[in-house]
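The structure comes first, and the explanation follows.

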Amino acid sequence: MSIEDSIGSEERLSPEGTSLGEEHMVQRERWEELRRLHEAGVTIAEIARRFDLDRKTVRRCVRREAWRPYVRAARTDTLLAAHAAYLRERAPQVEYSARILYQELRQRRGYTGSYDTVKLFVQPLRATRLQAERALVRFETPPGQQSQVDWGQARVAFRHARAVRHIFVLTLGFSRRSYYEAFPDERLPEFLDAHEHAFEYFGGHTREHLYDRPRTVCHGTAEGKPVWNLTFKAFADYWSFEPRVCKPYRAQTKGKVESGVKYFRRNFLPGRTFVDDTDFREQLTEWMATIADVRVHGTTHERPCDRFTRERDTLVATAGHPSFRLDARRPRIVAEDYLVSVATNRYSVPFTLIGQPVEVLRRAGVLEIFHRGALVATHAELVGKHHVQILPEHGPGAIARTARQRRSTLTSTERPAPPDVEVRDPEIYDRLIAAEVPS
């Protein structure tokens, strides 16, 4: 966040020395949110209560046609005066690193001043960013209004080796109840599957979802509006939720879900080991129900499961709604019981593929499973949840069984003939022995 985006309620002075009102300190994103809520019919008093602002401030903000940032007067008594605008724009992009900014000024812009001068300039910018983050943590949404979605990464200790897993996290903004699921990667089919699993877990979804800016969601902006990934936008329209994205370099606006990612890494992973992905998923599901949902949340000071009772009925119901299906292959890792999991059900593949990656294609009630492009298993898709389907030819006994069946079906002409054996007169061996015995 740049100094122009600063927020706060303390008294400030404008470059002309006049007092700045609170409304001048409201950042662009919050100003847009105030305007959006007001246009949606939310009262001034209710908006002021949600954002902890004075009603006069809210009224002035919603009346203003364009947002006007607070602009700090640039100092003219240092060598940085000519670079002030560049530093304010560039600082959030390099995480407010004075060292990086100093290097860039020296290499690209002919700056001849000292590193300490740059560091002093950056300090208030960093402090403003931290102040804004604290304010954003306090931002609350009403029940059923917003969810925040993000990915995290974790290096997981399986029985035979460590592997990277990508953790999908969807956090309900009001209750802070979260859904977690692990995938081998962050491709679009897995991303959309994870949403549907979360909708099923909660029994519905909120009216809007807030994202960072991954390519599975959007391809940047054009004329100030997101350029949506067309498949993702079709998915959002299918499920009737409004997707929203953070401003560039402002991923901290989805702090609730990022807190959920940190909580997962600090509370679930330490000290645990897993047999395989199935074991990982089972432990994660138990942890969500017995730990994450029932702990007292540090911000709300309530248990997520308790606040969820006040949010459940406000969600958009999804029960009975058919899945949004993609005609695309979904990656899976074969578990040690030579099964792969698809929509809570499990299907067998040849046991020689244990630990190997495969791809699953769901089409017209049939599951086709591929390994390195070759079809290795076909199953009729199971109805219901938590069922298992194992084909006998996939188990370890299939090799010996196949060999016996092959031998029993061969005709006498097909069976291999015994090797030719030379028949010799026994007297030959007597003569050989006599020749070896010394006289």
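In which loop is His386 found? His386 is found in the loop between strand S17 (374-380) and strand S18 (388-389). Helices (H or I, at least four residues) and strands (E, at least two) are DSSP runs, numbered from the N terminus. The model is predicted, so local features need pLDDT of at least 70 and side-chain atom pairs count only at pLDDT 80 or more, while totals for chains, interfaces and linings use all residues. Residues are numbered from 1 along each chain as its sequence is written, and side-chain values use heavy atoms, with hydrogens and water left out.

Most residues other than glycine have a negative phi. His386 has a positive phi, near 60°. At 63% relative accessibility, His386 counts as exposed; the cut-offs are under 20% relative accessible area for buried, over 50% for exposed and partly exposed in between, with a 1.4 Å probe and protein chains only. Tyr338 also has a positive phi, of about 50°, although it is not a glycine. Tyr338 is found in the loop between strand S12 (330-333) and strand S13 (339-342). With a relative accessibility of 17%, Tyr338 counts as buried.

Leu339 is found in strand S13. Leu339 has 5% relative accessibility and therefore counts as buried. Not counting residues up to four places away in sequence, Leu339 touches Ile333, Val334, Arg346, Tyr347, Ser348, Val388, Gln389 and Ile390, where contact means heavy atoms within 4.5 Å. The C-alpha atoms of Leu339 and Thr278 are separated by 9.2 Å, and these residues are 61 residues apart along the chain.

Now the chain as a whole. The protein chain has 13 helices and 18 strands. Of its 439 residues, 43% count as buried. Among contacts in the protein chain with a separation of 6 or more, 59% are accounted for by residues 24 or more positions apart. The protein chain exposes about 24100 Å², and carbon and sulfur atoms supply 52% of that area. Accessible areas come from the Shrake-Rupley method with a 1.4 Å probe; for residues, only the protein chains shown count as cover.

The axes of H1 and H2 come within 10 Å and cross at roughly 145°. Axes are lines fitted to C-alpha atoms, for helices over the stretch in contact, and angles run from 0 to 180 degrees between N-to-C directions. The crossing of H1 and H2 is right-handed, a term used if the near helix is turned clockwise from the far one by less than a right angle. On the H1 side, Arg30, Glu33, Leu34, Leu37 and His38 meet Ile44, Ile47, Arg50 and Phe51 of H2. These residues divide into five nonpolar, one polar and three charged. In this scheme Ala, Val, Leu, Ile, Met, Phe, Trp, Tyr, Cys and Pro count as nonpolar, Asp, Glu, Lys and Arg as charged, and the others, Gly among them, as polar.

Ile44 is found in helix H2 (residues 44-51). At 15% relative accessibility, Ile44 counts as buried. Leaving aside neighbours within four places in sequence, Ile44 is in contact with His38, Arg55, Val58, Arg59 and Val62. The C-alpha atoms of Ile44 and Arg55 are 6.3 Å apart, with the two residues eleven residues apart along the chain.

Helix H1 (residues 28-39) also packs with helix H3 (residues 55-63), at an angle of about 85° and with the axes 9 Å apart. That angle makes H1 roughly perpendicular to H3, a class that covers 65 to 115 degrees; angles under 35 count as roughly parallel, over 145 as roughly antiparallel and the rest as oblique. The contact is made by Trp31, Leu34, Arg35 and His38 of H1 and Cys61, Val62 and Arg63 of H3. By class, the contact of H1 with H3 has four nonpolar, one polar and two charged residues.

What angle do helix H7 (residues 188-202) and helix H8 (residues 230-239) make? H7 and H8 pack at about 15°, with their axes 11 Å apart. That makes H7 roughly parallel to H8. The contact of H7 with H8 has seven nonpolar, two polar and one charged residues.
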